[in-house]
Amino acid sequence: GKPLVVHVHSTEFDRTGGNGVNKQVFQIEKKGMEKADKIIAVSNFTKKIIEDKYGINPKKIQVIHNRINADEYEEKDSANEQIFSVKKDGKKIVLFVGRITLQKGPEYFLKVAHRVLEFDKNILFVMAGSGDMEYKMMEEAAVMGISDKVLFTGFLRGTELSNVFKMADLFVMPSVSEPFSITTLESIIHDTPVIISKQSGVSEVLKHALKVDFWDIDEMTNKILSVVHNDSLQKCLSQNGRFEVSKFSWEIAAHECVKIYTSILKN
């Protein structure tokens, strides 16, 4: 007899890219949303999926975007030796961080890497993360003939992840369906500019980010080359992005959640 609030961070449609949706998982998600008194979605992107795919009344859904606490990210001194040696060689680093799964669009990252390297071979593409497509992506890089230009670091966390963010010249998030993407905010707070998929929640809260459809390899290529070849553009995106994200706080999101809980109890 107690009120139910469902907080949606991801759906089966995000995880599968809309292909091969697990009907059992879908039904569990749908039933939970139908029974909920209120649904909190982490973005308008997710809210739209809940409305269109699950048939939920939009009046029951409220959007509270994810945040980060910028002051929790301290300067790190140590460095990943393998990547640091590359930086000394004068190469630019383009970074992917996330689970190497269909949802995150790793195949599009490799496709754009292949295209960019046709114009500039002095760039290293780093894929930080692990997942069910990791070995497939390694094989794909070899087939493309770019395995010497793509570094797979495996799963990183803490200082190692902070170091990679700091050393990267550009972060690319090509997700097929991304409810939010906190890693994008983490990249910006480490002074690394970002190119992000329009099919993401984080694109709703960032003004100082380059945005592109995940499937548009040509446009993504143009934007990557523009940033790595233009120090002024890179600096502008980095500085303005950091200023923007520095105003974010989990306290804001928490306060909004508490207001929802309170309103339900009053009703």
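## Overall form

The radius of gyration is taken over C-alpha atoms, and the rule for a globule is 2.2 Å times the number of residues to the power 0.38. For 267 residues, a compact globule would come out near 18 Å, and the protein chain of this predicted model has 20 Å, which agrees. The C-alpha trace spans about 65 × 40 × 30 Å along its principal axes.

The protein chain contains eleven helices and nine strands. Of the contacts between residues at least 6 apart in sequence, 70% join residues at least 24 apart.

## Surface and charge

Buried residues account for 51% of the 267 residues. The protein chain exposes about 13300 Å², and 49% of this area comes from carbon and sulfur atoms.

There are 36 positive and 36 negative side chains in the protein chain, and the centres of the two sets are 7 Å apart.

## Salt bridges

The structure has twelve salt bridges. One of them joins Lys104 and Glu178, with the closest N and O atoms 2.9 Å apart. Lys104 sits in the loop between strand 4 and helix 5, while Glu178 sits in the loop between strand 7 and helix 8, 74 residues apart. Both Lys104 and Glu178 are buried.

Asp191 forms a salt bridge with Lys166 (3.3 Å, N to O). Lys166 lies in helix 7 and Asp191 in the loop between helix 8 and strand 8, so the pair ties together parts 25 residues apart in sequence. Asp191 also forms a salt bridge with Arg242, at 3.7 Å between the closest N and O atoms. Arg242 belongs to helix 10, 51 residues from Asp191. Partly exposed is the class of Lys166 at 32% relative accessibility, Asp191 at 35% and Arg242 at 33%.

How values were computed. Residues numbered from 1 in each chain as written. Predicted model: local features only at pLDDT ≥ 70, side-chain atom pairs only at ≥ 80, totals over all residues. Heavy atoms only, no water. Helix = DSSP H or I, 4+ residues; strand = E, 2+ residues; numbered from the N terminus. Buried < 20%, exposed > 50% of the residue type's maximum accessible area, 1.4 Å probe, protein only. Contact = heavy atoms within 4.5 Å. Areas by Shrake-Rupley, 256 points an atom, 1.4 Å probe, with all protein chains shown as cover. Lys, Arg positive; Asp, Glu negative; His and termini not counted. Charge placed at Lys NZ, Arg CZ, Asp CG, Glu CD. Salt bridge = Lys/Arg side-chain N within 4 Å of Asp/Glu carboxyl O.
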